[in-house]
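The following briefing is meant to be read alongside the sequence and the coordinates.

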Amino acid sequence: MVDDDFMNNSHAHPSAPDEFYMELALAEAKGAAAKGEVPVGAVVVWQQEVIGRGCNRREERQNALCHAEVLAIEAASSRLQSWRLTDCDIYVTLEPCIMCVGAILQARMRRLVFGCLDPKAGAVESLYRLCDDERLNHRLPATGGVMATDCAFLLADFFRRLRHQKNHVQTAERWPSPVEGA
Ligand SMILES: [Zn+2]
């Protein structure tokens with residue numbers, strides 16, 4: 001699905017808007033990796049502007065709710081002073097989990113774009129298809145596979161390093177890589 005707004009604005013990035021914003025989400029994910037967090041990043045875009053950024057901070061905050069998407073949504077809502085993010089799109093490096101798709105639906109977001117699949121927790125294609133579940137009162141289009149190789153590499157590389165650190169083996173086992181064979 002191509003957003004017409006992008007095509008009508010000379011300041012936008014008509015050739016590859018999804019890749020442009022996914023690069024920004026990837027930058028967030030890299031920031032998480034640098035802090036020893038599983039590298040997942042997200043940005044919320046409103047009228048072509050990034051109004052919310054987030055990366056996984058579960059370890060830092062010791063809080064299971066601190067996924068990249070939730071933090072990006074929190075920032076966007078704070079910026080717009082509204083829980084309704086009706087005209088906002090969210091870009092995430094990894095297929096969102098049940099909680100995060102739940103948050104995206106609750107915020108009534110317009111569109112979801114994600115990078116690589118998460119076969120063990122993904123709730124868009126892998127385990128559940130919550131974005132187009134007719135029983136729910138909100139649905140939204142989702143596009144997966146945007147810069148999937150880069151997003152997956154970041155995760156695979158993170159877990160590879162983690163496995164080399166014996167004192168973090170337990171963490172690695174709790175967070176198996178979504179990338180097969182990584
Ligand atoms: Zn999540």
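What is the mean pLDDT of the protein chain, and what percentage of its residues reach 70 or more? This is a predicted model, and the mean pLDDT of the protein chain is 89, with 82% of its residues at 70 or more. Over residues 1–11, however, the pLDDT is below 50, and beyond near neighbours in sequence this stretch has eleven contacts in the model.

**Overall make-up**

- The secondary structure of the protein chain consists of seven helices and five strands, which follow one another from the N terminus in the order α-α-β-β-α-α-β-α-β-β-α-α.
- The protein chain has 182 residues, of which 38% are buried.
- When contacts between residues at least 6 apart in sequence are considered, 53% of them join residues at least 24 apart.

- The five strands of an open sheet are arranged in the order 2-1-3-4-5, and their pairing is mixed.
- Strand 2 (49–55) and strand 5 (142–143) are at the edges with a single partner strand each, so one side of each has no neighbour in the sheet.
- Strand 1 and strand 2 run antiparallel and are joined by six bridges, with valine 45 standing opposite valine 50 in strand 2.
- These two strands, strand 1 and strand 2, form a hairpin with two residues between them, and glutamine 47 in the turn has a positive phi of about 50 degrees.
- Strand 1 also pairs with strand 3, in the antiparallel sense and over five bridges; here tryptophan 46 has cysteine 88 in strand 3 as its bridge partner.
- Strand 1 is largely enclosed by the rest of the structure, because five of its six residues are buried.
- Between strand 3 and strand 4 the pairing is parallel and extends over five bridges, and isoleucine 90 stands opposite leucine 112 in strand 4.

- In helix 5 the buried residues are Cys100, Val101, Ala103 and Ile104. Seen down the axis of helix 5, these buried residues fall within an arc of 155 degrees, so they line one face of the helix.
- The packing partners of the buried residues of helix 5 are helix 4, strand 3 and strand 4.
- Arginine 108 follows helix 5 and has a positive phi, near 60 degrees.
- Helix 6 contains 16 residues and reaches 22 Å from its first C-alpha to its last, which is close to the 22 Å expected at 1.5 Å a residue.
- The buried residues of helix 6 are Cys151, Ala152, Leu154, Leu155 and Phe158. They are on the same side of helix 6, because they cover an arc of only 155 degrees around the axis.
- Helix 2, strand 3 and strand 4 are the elements against which the buried residues of helix 6 pack.

**The largest nonpolar core**

- In soluble globular proteins, nonpolar side chains tend to be buried together.
- The largest nonpolar core has 49 residues, and those touching the most other members are Ala25, Val44, Ala72, Ile90, Tyr91 and Leu112.
- At least two residues of this core come from each of helix 2 (17–34), strand 1 (41–46), helix 4 (68–80), strand 3 (88–94), helix 5 (98–106), strand 4 (111–116) and helix 6 (148–163).
- Leaving aside residues up to four places away in sequence, valine 44 touches Ile51, Gly52, Ala72, Ile73, Ala76, Leu85, Cys88 and Ile90.

- From C-alpha to C-alpha, glutamine 106 and asparagine 137 are 9.4 Å apart in space, while in sequence they are 31 residues apart.
- Glycine 145 lies in the loop between strand 5 and helix 6 and likewise counts as partly exposed, because it has 15 C-beta neighbours inside 10 Å, whereas a buried residue would need 20 or more.
- Glycine 145 and cysteine 116 are separated by 29 residues in sequence but are 5.4 Å apart in space, C-alpha to C-alpha.

Definitions and conventions: Residues numbered from 1 in each chain as written. Predicted model: local features only at pLDDT ≥ 70, side-chain atom pairs only at ≥ 80, totals over all residues. Core = buried A, V, L, I, M, F, W, Y, C linked by C-beta atoms within 7 Å. Buried ≥ 20, exposed ≤ 12 C-beta atoms within 10 Å, placed from the backbone. Helix = DSSP H or I, 4+ residues; strand = E, 2+ residues; numbered from the N terminus. Contact = placed C-beta atoms within 7 Å. pLDDT = per-residue confidence, 0-100. Expected span 1.5 Å × (residues − 1). Arc of directions from axis to C-beta. Pairing = 2+ DSSP bridges.
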